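Please read it alongside the structure.

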Amino acid sequence: MSEQQWTEEIKSHDSLFSINIKEVWSYRDLLMMLVKKEYITFYKQTILGPIWFFVQPILTTLIYVLLFGQIAKLSTDGSPQIAFYLSGITLWNYFSECLTKTSSVFKDNAAVMGKVYFPRLIMPLSIVVSGLMKFAIQFGLFISVILYFTLVKESINPNAWVLITPLLLLLMASFSLGMGMIFSALTTKYKDLVFLLTFGIQLLMYATPVVYSIASIPEKYKWILIANPLTGIFECFRYGFLGSGSFDPSSLIMSAGIITIILIIGVVIFNKVEKSFMDTV
Amino acid sequence: MKNLAIKAENISKQYRLGEVGTGTLSHDLNRFWHKLRGNEDPYLKIGESNDRSKKGTSDYVWSLREINFEIIQGDAVGIIGRNGAGKSTLLKLLSKVTKPTTGSFKVNGRIASLLEVGTGFNPEMTGRENIYLNGAILGMRRHEITRKFDEIVDFSGVERYIDTPVKRYSSGMYVRLAFAVAAHLESEILIVDEVLAVGDSEFQKKCLGKMGDVSRGEGRTVLFVSHNLAAVQTLCNKGIMLENGLIKYQGDAKRALDFYISSGNSSSNSYNDANKKINTISKIQIVDSNYNLRNNFNFNETIKFLFDFNLSSEYIDKVEFGLQVIDQKERVVFSNNKKTSSFLRDLNNDFSIECIVPKSVLVPNSYKVTVALHIPNVAYISHLDEVVTFNIEETGTDFYQYSGSDYGCVFLECKWGNR
């Protein structure tokens, strides 16, 4: 008699770090299909399609120019206001959308997740990846504005730091993924946190150099910005494309450190909750 | 020894009743506090068996409690039980949708679950896109789906609509496509929960056939949950019968079905009026040929009604005992009357009579019984309206093929032949 072979064991308790990366990888086609689904469902039965992605940042930029630039007269470190605000908005949109969507991933997909098993991590990952699609379109808009100011107006000077943009995106995606997963795990049980989150994202925007530059902040409040891992990312992005502002590589390294820790915590919590969230959602 | 596909050891699943949310935090903190001190979860000790009809004292119920079973590779196992017996919970645990509270499963092979067809379909996407999406959700790789694409479309029979968004599909087409995707999944273990409820009879047959192929032809293991007992009987060789979260029987499929039918005899198969009054029907029982109280009968079983009543002497020559059997559509299936003078009685004018309903006449359905002591067209002496009920279950008959359509009330063995 040969020993019985088992390919898998479903247990009531798993260790905290039993994350099956191999399994997630084997479901990579699902990730691509989910991204495609996001894309298809967005454009179906709209006339303007991707144009809508331009409308929001353009209008927001105009309002910021009026409100923060003309009325409040906040400093933009000498950069053209339109380019300055658009850079902040483009980045912020990606972050806030990923975070909001990830944090409600269990609730939004309860129907599918309650019926079929697949590595749950695929869902938040697909959100972050499909967010890139929208980001790419808005980034295109931003680039054309930058080109205009660089070549036509010759008022800004992009430098080699623009090459680090993919890394900045990766950091931002990781941060929103990590935070989103922590919140998604908690909101399955405690729905109160949904309200806290929408409110929190709004507050976080003001604690991030979206509409102002870090140089214009009084010294005694600077610790808030330094503690925020987004600060380094935003400052670096602006420094590269607008060639202005104060950028300190060490702040970017610190951001990367904090984000890595948050991402790990997020994955661990998410992994723990995903196995039984159906009972509480 | 044959290879096992699944082995369940001490599986339990506890659910919290009521509104999850109120008091959650305090329970969680308490749990955490116990865990911190290395104690057992305090809420695991409480909890009751899952009898939904009774009001319990605890907020926690055991949907499954200490379930142990082994499933041999290549078996088709039917999981049967009343609503709330824990069937779906068991499948959910197996398909990893949620995890057991205690215990573990050991599994050999990839599990694919078909818990409710069409979950994961996106209405905006076309049939073609949904095949890929659904296949990916079920764990198929893209090239696997591409390879089987034609087969899937062919099986579903919706080729013409394949590039139309599925929101334009009829519900039947939707199910066809969904089943087709899942059925072509290459998994060693297939879990199927009540998928045959939709779709026309032709497609239901096709699904059953496909599932039969899967288990018998391809040697894959199938777990099948259904209330369609006939389908369980045709498809499965093994059966597990659950009741209130416990395994009542496991083994041969046919015996499991018999177990299922003869169990679950609730209150409605008898009526008892303790204070026996003059001129009333005091007791009614529905029993099988061995005088066991029963609710559920096979199509080919004899049913007996037992009645106790009292009738004063002045009525005896005039009054008849009558019964009516009424089906779920409130149609009177048949009625029968007998002169009370034809029965024996004791000195107090108490009667104990029985009425035997021939087997293989009433088609599978639920029936209600109305009884009366009456003088035909003149008066009711005692009248009990729809007082007891019984069911004829679908086993070993061909009636399941017509489920959903109105087969009528009774089955008549007609003679057919060439002229």
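In this predicted model, 38 residues of chain B are in contact with 31 residues of chain A, contact meaning that C-beta atoms, placed from the backbone, lie within 7 Å. Local features need pLDDT of at least 70 and side-chain atom pairs count only at pLDDT 80 or more, while totals for chains, interfaces and linings use all residues. Residues are numbered from 1 along each chain as its sequence is written, with chains lettered from A and ligands numbered from 1 in the order in which they are written.

**Side of chain B that touches chain A**
- Strand E1 (4–16), strand E5 (102–107) and helix H3 (127–137) of chain B each supply at least two residues; helices (H or I, at least four residues) and strands (E, at least two) are DSSP runs, numbered from the N terminus.
- E5(B) gives the largest share, 6 residues.
- By class there are 15 nonpolar, 15 polar and 8 charged residues (nonpolar: Ala, Val, Leu, Ile, Met, Phe, Trp, Tyr, Cys and Pro; charged: Asp, Glu, Lys and Arg; polar: the others, Gly among them).

**Strand pairing between the chains**
- E5(B) pairs with strand E1 (residues 8–11) of chain A in the antiparallel sense, over 4 bridges; pairing requires at least two DSSP bridges between two strands.
- A:Ile10 has B:Phe105 in E5(B) as its bridge partner.

**Helix packing in chain A**
- The axes of helix H3 (residues 51–71) and helix H4 (residues 81–103) of chain A come within 9 Å and cross at roughly 125°.
- The contact of H3(A) with H4(A) has 7 nonpolar, 6 polar and no charged residues.

Conventions. Contact = placed C-beta atoms within 7 Å. Axes fitted to C-alpha atoms, helices over the stretch in contact; angles between N-to-C directions.
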